[in-house]
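User: Please take a close look at the aromatic rings in this model and at what surrounds them. I would like the criteria stated along with the values.

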Amino acid sequence: MQKISVRAHAKINLYLNVVGKREDGYHNLETVFHSIGLHDDVIIRKQETKEITVHCEHPGVPSDASNLAYRAAERLSDAVGGIGGVSIEIKKRIPVAAGLAGGSANAAAVLHGVNELFCLGFTQEVLMRFGAELGADVPFCLHGGAAFGTGIGDQLTRLPALSDLPLLLLNPGIEISTAAVFNKLNFSLTKRENAGIIIRTHVEKGDVLGVSESLYNFLEVPVFAQYPEIAALKTELSTQAGCSGALMSGSGATLFAVMHNSKSARRSESHFKDRVSFCTTTVTSPVGVYIKD
């Protein structure tokens, strides 16, 4: 086998609370992740040269070692003492720097795909450990479905996935630095007590209404303060017919709405699509990465 194609799914955070700052500079989180249908395609090929190459037509995706997908292939190669050349082609659909873990999903796809293509034999557990070295969201992107995350988001407890839940995603075209958002956190702000336990219970029961009413993201405070247009967009999204609840995903700027059904999602998509840089309907996904036939 000379090539393999892997589907790399984006994620949303149904809940995200920042518990505190760690001595290593990272932050401890509580979050509920969920994979969604929106995905990139990552095509991995063996090549005769010994180098790792990355190609993507999106101008915001680097082709050097700053790309997480590149570093994922490099990490596996280092782990086994070399695997030869790897060509990585990324067909981008997930917006860049948007709070949807597009780069992390690509890295997870490379870990999964290179492991299979070169018959390396690493277990899922080991791949997730490698993923945590690359970025906090990479382990979940390998895990997929739904999970409760702690630590920096890399300590995962599996939750039952919400089946085909209709979603509307909006992004106003603002690329937000995750590091910059975390640097502006104010831990004196009041936080919701037991909110993580509450929404986790709703997910476990498959209670969509309960999930929709419990959506929460602590990072909205610093992001909305700097970008009031995102806050206004969320308010408008929340008032759309058929919207059960809306939230910013991760550090933004993507907003998502849980919709009553696909019809209401498409109707709201038509309302926003000419006003924002990215707008699409999708559904929740039970997987994070998988090899396409």
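Analyst: A residue is called buried under 20% relative accessible area, exposed over 50% and partly exposed in between, with a 1.4 Å probe and protein chains only. The model is predicted, so local features need pLDDT of at least 70 and side-chain atom pairs count only at pLDDT 80 or more, while totals for chains, interfaces and linings use all residues. Residues are numbered from 1 along each chain as its sequence is written, and side-chain values use heavy atoms, with hydrogens and water left out.

The structure holds 3 aromatic pairs, where rings of Phe, Tyr and Trp (its six-membered ring) pair if their centres lie within 6.5 Å, and planes under 30 degrees apart count as stacked, over 60 as edge-to-face and the rest as tilted. In one of them, the centres of tyrosine 15 and tyrosine 216 are 5.8 Å apart and the planes stand at 35°, so this pair is tilted. The two tyrosines link distant parts of the chain, 201 residues apart, with tyrosine 15 in strand 1 and tyrosine 216 in strand 8 (residues 216–217); strands here are DSSP runs of E, at least two residues long, numbered from the N terminus.

Phenylalanine 122 and phenylalanine 130 form an edge-to-face pair, with 5.3 Å centre to centre and 80° between the planes, and phenylalanine 130 counts as buried at 5% relative accessibility.

Terms used
Helices (H or I, at least four residues) and strands (E, at least two) are DSSP runs, numbered from the N terminus.
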